[in-house]
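Good morning, colleagues. Please turn to the sequence and the structure as they come up on the screen.

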Amino acid sequence: MNSTLQDASVVLVHGAWADGSCWSNIILPLRHKGLKVTAAPLPLTSLTDDATALRRVIERMTGPVILVAHAYAGAVIAAAHDDRLKSLVYIAALAPDEGETVADVFYRTAPHPNAPKLVPDKYGLIWMPEEGFGCAVAHQASPDQLAVMAAVQRPLALQCIQEKAPAPAWKTTPSWYFVAEEDRMINPQTQRFMAGRMGATVRSHRVDHAPMYTAPELVVDVVLEAAR
């Protein structure tokens, strides 16, 4: 890898019902290619809060920055503008346009029959039912992987999906979109719509909603392509 890419930083951004450990199969392969890698922690309390948290992580990085988002985090990386952004990578991620909400794009098409029914609790927090991980989030994952996902999950505040998105960074930053063709959480048709609207470079694979677990080598490939 050339010196320019060795100076680059990759920031991995988790989605809902997850934490930075969801990138555990991605971090070392990218580091072995000479990239600096950080998994950004999001509070999952509102889109504004999450974008602010991400910007604080970006401030700590050196050199050009590649942001990699899964699912909900697609809205977050598009809201965290920074002059050093080199590229954006969407892994089965949501990409609302200015004035849209995450819910607008998430519910653009009918849900998959196996998708869980998600409702907020009395605190306005949305939790993933444990069976939802195996039925929809990562139906190609091993039982051990599913057990860990359920154990480390963090809830998503209702405000995250109801807040209108600002002008997105993908309008001015080169973007890549990894379409998960067997996704049961975000309809692949919706993924292709968002990728096309973004003008993203599309890479499509027959994987589930969580390829960081079930096909990590494919995720690493698209991140390296964006980094180059």
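I begin with A226, a residue of helix α11. Please bear in mind throughout that this is a predicted model. Is A226 buried or exposed? The relative accessible area of A226 is 3%, and because the limit for burial is under 20%, A226 counts as buried.

Which residues does A226 touch, once neighbours within four places in sequence are set aside? They are K86, S87, V89 and W176. As for M61, 165 residues away from A226 along the chain, the C-alpha atoms of the two residues are separated by 17 Å.

The buried residues of α11 are P216, V219, V220, V222, V223, L224, A226 and A227. As a general point, an α-helix has 3.6 residues a turn, so residues three or four places apart point the same way.

Apart from neighbours within four places in sequence, Y90 is in contact with A69, G74, I77, A78, A95, W170, S175, W176, Y177, F178 and M198.

I turn next to charged side chains. In general, side chains of opposite charge can pair when their charged atoms come close. How many salt bridges does the structure hold? There are five, and I shall describe some of them.

One joins the side chains of D82 and R84, with a distance of 3.6 Å from N to O. Both partners are partly exposed: D82 has a relative accessible area of 26%, and R84 one of 27%.

Another salt bridge brings together the side chains of D97 and K171, at 3.1 Å from N to O. This pair links distant parts of the chain, 74 residues apart: D97 is in the loop between β4 (85-91) and α5 (102-106), while K171 is in the loop between α8 (158-162) and β7 (175-180). D97 has a relative accessibility of 16% and therefore counts as buried.

A further salt bridge is formed by R197 and E100, whose closest N and O atoms are 3.0 Å apart. Because R197 lies in helix α9 (residues 188-198) and E100 in the loop between β4 and α5, this pair ties together parts that are 97 residues apart in sequence. R197 is partly exposed at 26% relative accessibility, and E100 is partly exposed as well, with a relative accessible area of 22%.

Finally, I come to the largest pocket. It holds about 370 Å³ of space. Its lining comprises 29 residues, of which A16, W17, A71, M185 and H209 lie nearest the centre. Which helices supply at least two residues each to this lining? They are α5, α6 (130-137), α7 (143-152), α8 and α10 (211-214). The largest share, three residues, comes from α5.

Thank you for your attention.

Conventions
Residues numbered from 1 in each chain as written. Predicted model: local features only at pLDDT ≥ 70, side-chain atom pairs only at ≥ 80, totals over all residues. Heavy atoms only, no water. Contact = heavy atoms within 4.5 Å. Buried < 20%, exposed > 50% of the residue type's maximum accessible area, 1.4 Å probe, protein only. Helix = DSSP H or I, 4+ residues; strand = E, 2+ residues; numbered from the N terminus. Salt bridge = Lys/Arg side-chain N within 4 Å of Asp/Glu carboxyl O. 1 Å grid on protein atoms, 1.4 Å probe; cavity = no way out; pocket = protein on both sides within 12 Å on 5 of 7 lines; lining within 4 Å. Points joined across faces, edges and corners; volume = space filled by probe spheres on them.
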